[in-house]
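Thanks for coming. I have one model to go through this morning, and I will take it piece by piece. Please have a look at it first.

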Amino acid sequence: MRIWATLALVTLTIGCRAAYVIPIRLAQAQTPIRSAEVELSAISLLEKGELGNVYHDPTGPTAHVSPLYPFILAGIYAVLPPYSLASMLLQSLLAMAAFAVTLALLPWLARRAVLTEWAGWLAAFVLAVLPINFYYESFGDWEQPLAGLVFVLLCGCFLELRAGAWENRALIVGTGMATGIAALLSPSLVPAAGMMILAELVWPTAPRRRILAGAAGVLGIAALMVAPWTIRNYHALGGFVPLRSNFGLELWFGNHDGATGSSNIDWSDPDMSEKMRHPHPNVDECRRLSNMGELAYMRSRQAEAVAWIGEHPGEFVRLTGTRARIFWFPGHESFNNHSVFTTIKIVGFGAISLLMFFSLARLAWSRHPSVALFAAALFGATFIYLITHVELRYRLPVHAVTGLLAAETLVVVAHALIVRLRRDPTATVCD
């Protein structure tokens with residue numbers, strides 16, 4: 001039964017998104033453009049043999065992007081020309097398949113977390129057809145669909161370690177490898193692993209010695225996996241960059257005069273490129289980066305951001321609260337139009353988040369063994385955006401787990417109502 005349900009789920013997930021993305025890809029193929037930084041770096045890797053040139057003007061080697069997804073895209077572009085319809089469709093299929101597998105893992109994750117398995121199936125099938133996030137789930141322009149899969153696997157690994165009291169050495173190795181993959185794919189997930197380790201250590205009945213030994217193994221394996229990339233960055237950029245170089249730029253982007261907390265840009269403003277001061281659309285900033293070198297440029301932007309935060313601590317706190325709200329309860333500032341469908345998306349995202357927070361509160365009240373790991377994972381994976389800026393695609397890695405926790409609330413409430421009606425058939429929901 002589970003096999004057939006899984007096949008139906010995967011077919012439904014990919015089918016809905018294929019119906020959405022294929023007409024758009026056919027139109028894009030008439031005037032093909034590659035603009036995402038990971039795509040441009042993949043083309044540079046293929047054509048010049050270096051991971052670089054992530055902006056529209058050549059700027060040389062970069063660590064602005066993480067290496068894993070550009071290498072995957074470069075593999076696609078090596079077989080199919082990067083501006084061809086075939087490569088666009090294969091890139092989309094990869095994203096859709098990653099999201100389908102992510103949803104298929106939710107019932108397994110629910111069982112590992114000692115939640116209701118029905119919540120896993122409900123979340124999976126609802127998210128399979130819910131059209132509020134189809135764009136980022138379908139195009140593969142960015143690494144977030146794969147990051148969502150890795151995030152679910154990371155959560156599952158830590159839940160398994162908890163269940164086995166951190167005695168399974170093979171699982172510790174697997175968790176270390178998953179953490180290393182997360183670091184090379186989407187470094188924002190790395191704090192999630194760190195926070196889950198911390199959550200395990202502070203749990204009242206935790207076997208702390210085994211956890212410390214296991215955590216050392218997890219972090220050591222992850223560090224070994226990341227080491228070649230860090231060494232490459234030292235030689236290519238001339239300094240220590242363990243994962244990505246662009247933190248200073250992103251910190252400034254979210255913390256300066258006129259910042260709103262949202263990544264969304266009003267391109268109807270003719271001066272937006274100059275105001276934005278981002279090397280991707282701003283020619284002068286791109287030239288400045290090229291002259292200074294990427295590492296020096298990013299450090300200078302970080303210094304600007306830190307100075308602004310020091311001068312405006314109250315505004316920084318306000319923006320942090322705004323970013324938290326935008327991440328979990330996005331409003332019209334996250335969209336380029338105010339259509340009815342935009343309103344549906346806003347309601348959909350907000351409802352999932354509200355149910356998720358209710359579920360976490362209920363699990364915490366009952367001292368559920370999984371609540372600390374879920375809270376740690378969600379906070380860890382979203383922390384970096386609370387101090388920089390928020391775009392809808394940043395939510396995708398935690399979207400499935402958020403949906404699982406939301407569905408848990410619905411299943412528990414439904415079960416309580418059914419039990420009540422069985423005890424008293426004359427009762428109503430409002431009684």
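Helix 18, residues 371-387, packs on helix 19, residues 396-423, at an angle of about 145 degrees, and their axes are 11 Å apart. By helix I mean a DSSP run of H or I with at least four residues, numbered from the N terminus. The axes are lines fitted to C-alpha atoms over the stretch in contact, and the angle, on a scale from 0 to 180 degrees, is taken between N-to-C directions. Helix 18 passes helix 19 in a left-handed crossing, that is, the near helix is turned anticlockwise from the far one by less than a right angle. On the helix 18 side, the contact is made by Phe-374, Leu-378, Ala-381 and Thr-382. Helix 19 contributes Val-398, Val-401, Thr-402, Leu-404 and Leu-405. Contact here means heavy atoms within 4.5 Å. By class, that contact has 7 nonpolar residues, 2 polar and no charged. For the classes, Ala, Val, Leu, Ile, Met, Phe, Trp, Tyr, Cys and Pro are nonpolar, Asp, Glu, Lys and Arg are charged, and the others, Gly among them, are polar.

Before going on, two notes on the source. This is a predicted model, in which local features need pLDDT of at least 70 and side-chain atom pairs count only at pLDDT 80 or more, while totals for chains, interfaces and linings use all residues. Residues are numbered from 1 along each chain as its sequence is written, and side-chain values use heavy atoms, with hydrogens and water left out.

Helix 4, residues 85-104, and helix 8, residues 144-163, pack at about 20 degrees, with axes 8 Å apart. The two are therefore roughly parallel, a label given to angles under 35 degrees. Helix 4 also passes helix 8 in a left-handed crossing. From helix 4, the contact uses Ala-95, Ala-98, Val-101 and Thr-102. From helix 8 come Pro-145, Leu-146, Gly-148, Leu-149 and Val-152. These residues divide into 7 nonpolar, 2 polar and no charged.

Next, the core. Which residues touch the most other members of the largest nonpolar core? They are Phe-151 and Phe-374, in a core of 104 residues. A nonpolar core is a set of buried Ala, Val, Leu, Ile, Met, Phe, Trp, Tyr and Cys residues joined through side-chain atoms within 4.5 Å. Buried is under 20% relative accessible area, exposed is over 50%, and partly exposed is in between, with a 1.4 Å probe and protein chains only. Helix 8 gives the most to this core, 11 residues. Not counting residues up to four places away in sequence, Phe-151 touches Leu-189, Ala-192, Ala-377, Leu-378, Ala-381, Pro-397, Val-398 and Val-401. Another core, of 12 residues, lies apart from the largest one and includes Trp-252, Ala-259, Ala-305 and Phe-316.

Then the backbone. Most residues other than glycine have a negative phi. Trp-166 is not a glycine, yet has a positive phi of about 60 degrees. Trp-166 sits in the loop between helix 8 and helix 9, 169-185. Arg-367 is also not a glycine and has a positive phi of about 55 degrees. Its place is the loop between helix 17, 340-365, and helix 18. Are these two residues buried or exposed? Trp-166 is buried, with a relative accessible area of 3%, whereas Arg-367 is exposed at 72%.

Pro-70 lies in helix 3, residues 68-79, and is buried, with a relative accessible area of 0%. Leaving aside neighbours within four places in sequence, Pro-70 is in contact with Val-38, Ser-41, Ala-42, Leu-45, Leu-51 and Val-65. Gly-75 is also in helix 3, and at 38% relative accessibility counts as partly exposed.

Met-298 is in helix 15, residues 294-311, and is buried at 2%. Its C-alpha atom is separated by 7.4 Å from that of Phe-247, 51 residues apart along the chain. Beyond its neighbours within four places in sequence, Met-298 is in contact with Tyr-55, His-64, Ser-245, Asn-246, Gly-248, Leu-249 and Leu-289.

Methods: Angles under 35 degrees count as roughly parallel, over 145 as roughly antiparallel, 65 to 115 as roughly perpendicular and the rest as oblique.
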